[in-house]
Amino acid sequence: MHAFSNLLDNLIYTRSRNGKLRLISDYLKKASDPDRGWVLAALTGDLDFPNVKASAMRNMAMERVDETLFKLSRDFVGDTAETIALIWPDIKDVEAFDTPSIGEIVDELAAVSRSDAPKLLSNFMDRMTPNERYALLKFATGGMRVGVSARLAKTALGQAFDLAVEDIEEVWHALTPPYSELFAWGEGNAERPDLDGVAFFRPFMLAHPLEDKIVDMTDYAAEWKWDGIRIQIAGTGHETKLFSRGGDDITAAFPDIANAFQSTGVVDGELLVRGEFQGGEAASFNALQQRLGRKKVSAKMLNDYPAFVRLYDILFNGDIDLREQSWTYRRKELEKFVPLLDIERFDISSILEARDFNHLTELREGTRDAAIEGVMLKRRDSAYLSGRKTGLWYKWKRDPLVADCVMMYAQRGSGKRSSFYSDYTFGCWTEDGELYPVGKAYSGFTNEELKMLDRFVRKNTINRFGPVREVEKTMVLEVAFDSIHQSKRHKSGLAMRFPRISRIRTDKPAAEADQVATLKKMVT
């Protein structure tokens with residue numbers, strides 16, 4: 001536990017990507033099994049203790065610490081785990097206790113009931129230093145927030161054992177923590193894990209933003225960038241799995257798609273929901289969102305939000321690996337593959353007939369369909385390669401919509417932003433002169449602008465609701481967003497897609513901000 005707490009502490013104070021890689025790599029080489037496997041699972045977000053949630057931490061703290069003192073401290077520190085780790089009463093003879101290993105902690109956390117979780121955490125805490133307590137709470141409840149993505153952790157694993165991160169990605173989702181087979185392979189004590197007959201994840205090929213580039217349409221094919229979620233379907237003939245772009249298994253949320261794919265192969269496409277009023281075409285992302293993240297889907301949900309996949313590419317046809325072939329060759333194989341699938345659940349993304357780049361520009365500007373996010377450009381001779389490769393694939397998103405909104409509420413951020421009010425809820429005016437919330441954003445501004453907004457929140461707070469502050473309705477924010485949809489969950493009846501702060505309108509009176517009615521005209 002001591003080595004892990006040191007790793008976490010060093011990661012927090014290391015900004016350099018290479019520095020983080022070195023820290024994780026060194027830990028994985030020196031730590032023993034199964035501890036390093038559990039830590040790797042925690043860093044990649046693949047560790048979950050269903051009966052140990054944030055409420056267990058708070059309940060534990062309330063039994064040892066004055067409630068008012070805790071709330072004041074939490075408001076100042078900005079992070080629950082850090083607050084508890086620092087405020088926890090020290091045991092004088094803590095060094096007399098044996099600090100539990102990561103493996104021991106995992107065994108007990110996995111077996112504990114929800115009601116006993118606070119007591120178990122307390123027992124662990126009494127045997128630890130403040131740094132170890134913080135590491136324990138982050139480990140137990142997830143959300144490390146140390147600037148380490150799953151990809152970075154896997155890259156560090158590759159550096160530790162001289163493995164290509166693409167090779168690690170290929171076997172990763174067929175294995176489970178604490179990854180004993182993976183470490184045995186990395187150390188040369190075993191062959192690469194055998195995945196024969198297993199439906200597993202292959203890394204996606206990604207695109208760079210087009211920005212100001214102009215491409216020759218004789219070299220590139222263009223197709224719509226559909227506004228769903230990109231998925232991979234892997235089928236063995238006996239098993240079918242659906243994976244998100246990050247490699248998460250989402251099969252349970254879309255059993256209708258998994259059951260309909262009876263082929264052997266691996267395909268790449270966009271997961272969408274059919275629209276009720278669009279002749280069976282794709283509905284907005286808001287409709288798809290009703291099904292995302294669910295571990296179980298009701299019959300009503302399956303009926304109300306029927307999913308389908310618009311296929312872009314094929315990686316394997318049967319057992320034949322097509323990834324080294326050109327996009328043109330793979331496209332022909334995909335066109336032969338799709339007619340063999342269930343037509344209710346699968347179709348193929350059509351190629352845009354653009355004479356030249358200027359014509360493509362006209363096509364892109366001429367649509368704001370609810371399910372179209374922009375245009376994809378794919379070099380015709382490109383192989384299907386892992387990650388983003390310069391010059392091969394580009395994404396050209398449609399220009400964002402914008403609206404002038406009024407800041408209503410603010411909340412502190414997490415991690416490096418835990419000392420700043422950086423999460424802003426904003427609204428627009430009704431015809432009756434009331435402000436209705438229309439969205440929330442926590443990106444799009446510079447560090448200097450963040451400091452200015454934080455000062456505004458502190459000086460203009462008119463009410464507090466736990467960690468949330470209500471502010472004077474005087475700050476106008478220009479908000480950019482990809483699209484806006486109807487939503488029953490919000491008072492305004494609207495939900496923005498990917499809102500971000502594009503400008504701080506200190507020049508504009510709040511009374512001149514946009515109206516909800518204006519936003520409703522933008523609904524797609």
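Modeller: Before we start, domain bounds here come from an automatic or database domain assignment. This is a predicted model, where local features need pLDDT of at least 70, side-chain atom pairs count only at pLDDT 80 or more, and totals for chains, interfaces and linings use all residues. Residues are numbered from 1 along each chain as its sequence is written, and side-chain values use heavy atoms, with hydrogens and water left out.

Colleague: Okay, into which domains is the protein divided?

Modeller: You get domain 1 (2–141), domain 2 (205–397) and domain 3 (401–520).

Colleague: How many residues of domain 1 and domain 3 are in contact?

Modeller: Contact means heavy atoms within 4.5 Å. Here, 4 residues of domain 1 meet 5 residues of domain 3.

Colleague: And what area do domain 1 and domain 3 bury between them?

Modeller: Buried area is the accessible area (1.4 Å probe) that two parts lose on being put together, summed over both. For this pair that comes to about 420 Å², with 26% of it on carbon and sulfur atoms. On the domain 1 side, R15, D75 and G78 lose the most area to domain 3, together 69% of what that side buries.

Colleague: Let's turn to sheets. How do strands pair?

Modeller: Through backbone hydrogen bonds, either parallel or antiparallel. Strands are DSSP runs (E, at least two residues), numbered from the N terminus, and two of them pair if DSSP finds at least two bridges between them. An open sheet of 4 strands runs β2-β12-β10-β3, with mixed pairing.

Colleague: Which strands stand at the edges?

Modeller: β2 (208–209) and β3 (220–226); each has a single partner strand, so one side of each lacks a neighbour in the sheet. β3 pairs with β10 (residues 372–379) in the antiparallel sense over 7 bridges, and A222 sits opposite L377 in β10.
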